[in-house]
Each structure stands twice: as C-alpha cells, then as structure tokens.
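Please keep the sequence and the structure at hand while reading.

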Amino acid sequence: MSAYMNALVALPVILPLLAGALSLAFWRSSAAQKLLGVFGTLALLVVSVHLLFETWEHDHIVMHMGSWHAPFGIVLVSDMLAAIMVVLTGIIGLATAVYSLSDIGTRHERFGYYPLFHLLLAGVNGAFLTGDIFNLYVWFEVMLVASFALLILGGERAQMEGAIKYVTLNLVSSMLFLTAIGLLYGLTGTLNMADIAVRLAEVEDTGLVTVIAMLFMVSFGIKAAAFPFFFWLPASYHTPKVAVSALFAGMLTKVGVYALYRVFTLIFNQDVDYTHEILLWIAMLTMLTGVLGAAAQFEFRRILSFHIISQIGYMILGLALFTPLAIVGGVFYIMHHIIVKANLFLISGLTYQLKGSHELRELGGLYRSHPMLAVLFMVPALSLAGLPPLSGFFAKFIIIRAGIEVEAWLAVAVALVVGLLTLYSMVKIWNEVFWKAQPAGFGQTPTPVRPLFWMWPPIVGLALMTVMIGLYGQPIFEMAELSAEQLLDTSRYIEAVLGADYVESLQEMRR
Amino acid sequence: MEIVMALVIGFLYAAALYMMLRRSIVKLVIGLVLLSNAANLLIFTAAGLVRGAPPLIYPGDLVPPGVSADPLAQALILTAIVIGFGVLAFAVVLIHRAYEVVGADDMDKMKDTDT
C-alpha cells in the first residue's frame with residue numbers, strides 16, 4: 001500500500017485536529033475561525049469521499065501507525081462501514097459549520113466554539129477508523145470531552161442540569177467500557193480488534209466471554225441511547241445551541257451504534273443466539289419507548305430527541321437480526337437517519353429564529369409566512385416516518401423485509417407500529433408549527449445574533465440528499481451491501497489487518 | 001494476592017455506585033473518581049500480578065528472561081489516569097457552576113429539563 005493511501009486513512013482525523021489547532025491560534029479573529037470552520041469541514045468531506053471510493057475499490061485500507069505492525073502497534077482501518085461513517089461526519093460537519101455562521105454569536109465564539117467543534121469531529125472520526133480497542137476508548141473520551149464543553153457553552157441553567165446527567169451517564173459508560181477492555185486484555189493479551197477476534201475463538205471459558213460481551217453491550221448501549229439507558233439524551237439534547245444539537249443528534253449516538261456493530265460482528269460472534277436475542281429485545285423496547293416518549297412531548301427539540309432514541313432501535317434491530325440483509329438495512333438506516341435527523345434539528349433552530357420559541361403551543365402560522373420552510377420540513381419529517389419515495393422508506397423496508405425473512409414477527413410488528421407513531425409525531429409538529437394560526441401573544445421574532453441567510457443552504461442541501469437517497473438508492477444500497485458483506489465475513493478484516501502470514505502462523509500454533 | 005485485589009476492586013465499584021446514587025452532586029463526583037480508580041485497578045489485576053520482575057531486556061537478547069511484568073497494562077492505566085484526571089477536572093468545574101446556577105447541591109432540584 002502506498003504512502004499516499006496510508007496518509008488518506010489518517011487524514012479524516014488529522015484535518016479536524018489541524019483545523020481545531022489553527023482555530024485556537026486565531027482565537028481573536030472571528031472571521032478566520034469561521035473560514036476554518038467551513039473550509040476545514042469542506043476539506044474533510046472531500047478527503048472522506050475520496051477515502052470511501054478508495055475503500056470501495058480496495059476492500060480494506062489499513063494503516064499501521066508509526067510502522068509498528070499490528071498486533072503490536074495501533075492500526076487505523078477503513079472498511080466500508082467506517083468509510084461511510086466518516087463521509088457522514090464530513091457531511092454533517094460541513095452542514096453544521098455553515099449553519100453556525102448564522103447560529104453562533106460572538107459570545108459563544110469567545111467561549112471556544114470552533115476549536116471544540118473540530119475536536120469533536122476528530123474524536124468521532126478517530127472512533128470510526130481505529131482498529132484498536134483501547135484506542136477506541138481514547139477517541140471516545142476525546143469526543144466526550146469536546147461534547148461536554150459544547151453542551152454547556154453559554155452556561156444557562158437548563159444546560160447545567162442537562163450536562164450533569166449527560167456527563168455522569170457517559171462517564172459511567174466509559175468506565176464500564178474500560179472495565180470490559182481490562183477483562184478482555186486479561187483474557188486474550190492483546191488490544192488489536194482483529195487479533196482479539198482470532199484469539200477469542202480459542203478461549204475455552206465462554207461464560208467469561210459472554211460477561212465481557214454484556215459489559216460492552218451496556219457500555220455502548222448507554223452511548224447509543226438504547227433502552228433502558230437513554231435517559232441522558234432527552235434531558236440534555238434540547239439545551240445547547242441548535243447547531244450543537246444537530247451535530248450531536250447526527251453523530252454522537254451513532255458512534256455508539258457503530259461500536260455495537262463493530263464489536264458484535266467482529267469480536268463477539270461466538271454466542272449469537274444469546275447476545276443477539278438480547279439485542280433484539282433492546283431494539284424493540286428502544287423503538288417503542290422512544291416513540292411513546294415523543295408522543296407525550298410538546299417541545300420541538302424534545303420530540304426530535306425522543307425520536308433519535310426510537311430510530312436507534314431500528315439500527316440495533318438490523319444488527320440483532322444478524323442476517324446479511326438485516327445488516328444492509330441497518331447500515332442504510334444509519335446513513336438515512338444521520339442526514340434526516342440533523343436536518344430536522346437545523347429546521348427547529350430556524351423556526352426558533354423566526355418565531356422565538358421551541359414550544360409547539362407558542363408556535364404557528366409558519367406555512368402562511370414561510371411556505372418554503374414548510375416544504376423543507378416535510379421532506380425529512382416524512383422521510384423519518386418512512387413514506388415513499390424518501391430515504392426512510394427504503395431503510396425501513398429493507399429492515400422489515402429482513403425481519404420477515406427470519407420470521408421475527410414481533411419485531412416486524414413493532415417496527416411498523418413505531419413507523420406509524422413516528423408519522424403521528426411529525427404530523428403533530430406540522431399541525432402545531434406550520435398549519436395552525438399563530439397563537440396571540442407569541443411569535444415575536446427575536447433579534448438575531450447574526451443574519452439568518454446561512455441557515456438555509458444546509459437545510460436545503462440535506463433535504464435534497466434525503467430525496468436523492470430515495471430516488472437513486474441503488475449506489476447507497478450497494479455500499480451498504482458491501483459493508484454488510486465485510487462485517488459478516490470477519491476473515492477479510494482480520495487478514496487485512498494482521499496479514500495472511502500472521503493468521504496462518506497462529507493457526508499452525510493452534511495445531 | 002489476586003483475591004485481595006478482587007475484593008478491593010469490588011468494594012471500590014460498590015462504593016462508587018453507592019456514592020453516585022446519592023442526591024448530592026459532590027458525592028456524585030466522588031463516585032466518579034472511585035469508579036475510574038476501580039477500573040484502573042481492574043486492568044492492573046487482570047493483566048496479571050508479577051512481583052519484582054521488570055520487563056527489561058538484557059543487551060543482545062530479544063525477549064526479557066523468564067516471567068516479567070506486563071508493561072502494556074501499565075501504559076493503559078497511565079493513559080486512563082490522565083484522561084480520568086482531565087475529565088474529573090471538568091466535572092468539578094461543572095458541578096461548581098451548576099451549584100452557582102441552581103443554588104443547591106441536590107439532584108432532586110435539577111428537574112427543569114425533565115418535564
């Protein structure tokens with residue numbers, strides 16, 4: 001593999017770190033930080049799209065950091081799933097960076113918004129690309145620390161309260177993750193995920209392996225906001241600035257889902273009947289509790305927050321069913337969900353800027369005053385509920401089809417009912433915010449911190465993407481298909497990371 | 001020795017969880033500290049306790065002689081301690097600010113965002 005390809009795998013981590021460091025250097029210059037925000041994320045998007053195409057061509061791209069060969073050094077691995085996630089990070093990064101031009105005022109910039117923003121992106125990309133389990137923990141922490149600071153930027157009371165819950169539960173999750181890593185290292189003597197997968201097959205004490213698997217499940221379940229660990233999410237996601245909310249809603253919980261996908265396909269695939277049965281129940285309950293929680297809410301962003309939870313259920317369902325088609329559906333769902341959910345949060349921010357409230361009761365009349373915005377809301381909202389021909393329809397269709405194939409009738413029923421209830425929530429927002437007349441006494445447009453112009457391009461762009469995924473789903477489906485193939489055929493990943501010679505010598509030692 | 005360590009670690013986890021279930025946010029942070037220390041000790045113990053055998057390689061050799069302590073586990077703990085320290089510093093500032101804003105050291109008073 002050429003030096004260029006090596007660098008390409010590391011660039012999605014290096015670029016945001018560099019942009020963040022430069023933003024720090026230009027601490028006093030708001031204009032320079034904004035430029036770095038937009039062009040840094042644009043460069044990230046270009047690089048990650050390039051990485052995706054290269055990965056498509058070469059199956060796996062592996063970089064041994066500092067030329068310390070795996071399993072001794074840390075590796076960065078780009079397979080289809082990781083590359084897809086990195087591209088999505090680039091898309092959401094660029095969208096929120098542009099949106100921030102209008103949403104983030106001087107005060108928040110002074111608190112260090114842009115450096116933290118880049119640090120978060122670096123942490124997220126690092127978590128996607130790393131092939132080392134302890135390194136994954138480190139990237140999680142990088143991401144968490146940046147998200148903590150972004151969450152409390154501004155220092156309002158609600159933010160403090162939300163942050164305490166967010167910080168505590170995420171730290172507990174990290175500690176469980178660390179505990180699980182410690183036990184896994186004691187059992188296998190290695191940290192490289194591919195090497196762990198090889199060595200774990202030889203471990204005789206399968207009971208202990210299952211215990212470790214459960215620790216990982218709980219830890220990543222908290223990060224992914226799965227049932228019954230999701231309580232930190234609706235308590236905190238509606239408190240920060242909207243650009244921050246959108247970034248969190250798009251990327252953070254999906255890092256947890258990604259980690260579940262990685263660990264429960266590559267490492268813990270010995271006792272699928274047991275572990276994935278539990279995942280199946282988690283998935284169903286996550287879908288149900290999330291959507292029911294949303295039905296009870298009357299605050300724009302809180303409704304959306306609860307819908308993140310219910311959508312996480314679909315993604316975990318894809319993993320839990322554990323057939324090739326189900327994994328395809330799960331990956332497709334992740335792609336669709338990140339774009340749609342971030343867009344809905346961005347729209348909620350724009351309605352706030354126009355009407356001065358996030359409460360549904362105080363909003364109204366936007367269809368009359370801003371029909372374009374109403375249309376732009378309909379696209380992601382209907383896509384979230386799964387109406388054809390938008391992206392959400394195909395995502396749900398693939399997963400439900402996979403459920404029917406393995407005759408998981410209960411899961412299929414839950415998925416369909418939750419789709420219907422999602423539509424109910426979206427129609428509720430539509431009725432309250434856009435359709436009904438403006439209630440008297442509310443609807444004062446607040447003095448904007450910045451001109452609102454830059455809020456529009458990201459919303460339009462993401463809505464177009466939602467439509468495009470629906471209308472031209474074939475290449476997206478192919479990408480998801482290839483990533484599912486790679487996830488289920490773990491020998492490809494293992495050989496790409498460790499090299500065929502090493503795997504052979506290990507097998508000989510076993511004989 | 002492993003038995004003693006296991007008991008200590010178990011006690012630390014239990015104490016940490018107990019502290020985190022209290023209403024006071026100061027005790028919450030103390031619980032987080034105990035939790036991270038418990039996890040670090042667990043890595044230390046799980047990697048195998050070896051006494052008086054530093055992993056030193058003599059000139060000319062390629063591997064250390066006999067059984068030696070595992071340096072990797074200690075490197076992991078070192079990393080985890082540094083990260084834990086940074087996060088703890090943030091948590092302390094956070095509860096201080098929360099105390100200033102809310103005016104109480106009590107989780108039950110922090111329900112504004114839950115309704």
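## Salt bridges

Over all chains, the count comes to 12 salt bridges, a salt bridge being a side-chain nitrogen of Lys or Arg within 4 Å of a carboxyl oxygen of Asp or Glu. This is a predicted model, in which local features need pLDDT of at least 70 and side-chain atom pairs count only at pLDDT 80 or more, while totals for chains, interfaces and linings use all residues. Residues are numbered from 1 along each chain as its sequence is written, chains are lettered from A and ligands numbered from 1 in the order in which they are written, and side-chain values use heavy atoms, with hydrogens and water left out.

In chain A, A:Arg450 pairs with A:Glu109, with 3.1 Å between the closest N and O atoms. A:Arg450 sits in the loop between helix H18 (409-435) and helix H19 (456-471), and A:Glu109 in helix H4 (residues 106-110), so the pair ties together parts that are 341 residues apart in sequence. Helices (H or I, at least four residues) and strands (E, at least two) are DSSP runs, numbered from the N terminus. A:Arg450 is buried at 15% relative accessibility, and A:Glu109 is buried at 6%. Here buried means under 20% relative accessible area, exposed over 50%, and partly exposed in between (1.4 Å probe, protein chains only). Another salt bridge joins A:Glu485 to A:Arg492 at 3.4 Å between the closest N and O atoms; A:Glu485 is partly exposed at 42%, as is A:Arg492 at 25%.

In chain B, B:Asp108 and B:Arg23 form a salt bridge at 3.4 Å, N to O. B:Asp108 lies in the segment after H3 and B:Arg23 in the loop between H1 and H2, so this pair ties together parts that are 85 residues apart in sequence. A network of salt bridges links B:Arg23, B:Asp106, B:Asp108 and B:Lys109.

## Buried polar side chains in chain A

A:Tyr99 belongs to helix H3 (residues 80-103) of chain A and is buried, at 0% relative accessibility. A polar atom of the A:Tyr99 side chain lies 3.2 Å from the backbone nitrogen of A:Leu350. Beyond four places in sequence, the residues that A:Tyr99 touches include A:Val242, A:Trp454 and A:Pro458, contact meaning heavy atoms within 4.5 Å.

A:His276 is in helix H12 (residues 272-295) of chain A and is buried, at 3% relative accessible area. The A:His276 side chain reaches the backbone oxygen of A:Phe264 at 3.3 Å. Apart from neighbours within four places in sequence, A:His276 contacts A:Phe264, A:Phe268, A:Leu319, A:Ala320 and A:Phe322.

## Contact between the chains

Chain B and chain A each put 35 residues into the contact. About 3000 Å² is buried between them, with carbon and sulfur atoms giving 78%; buried area is the accessible area (1.4 Å probe) that two parts lose on being put together, summed over both. There are zero salt bridges between the two chains. On the side of chain B that touches chain A, H1, helix H2 (25-46) and helix H3 (71-102) of chain B each supply at least two residues. The largest share of that side, 13 residues, comes from H3(B).

## An exposed residue

B:Leu7 is found in helix H1 (residues 2-21) of chain B and is exposed, with a relative accessible area of 61%.

Definitions and conventions
A polar contact is a pair of N or O atoms within 3.5 Å; within protein, one must be able to donate a hydrogen and the other to accept it, and residues adjacent in sequence count only if both atoms are side-chain atoms.
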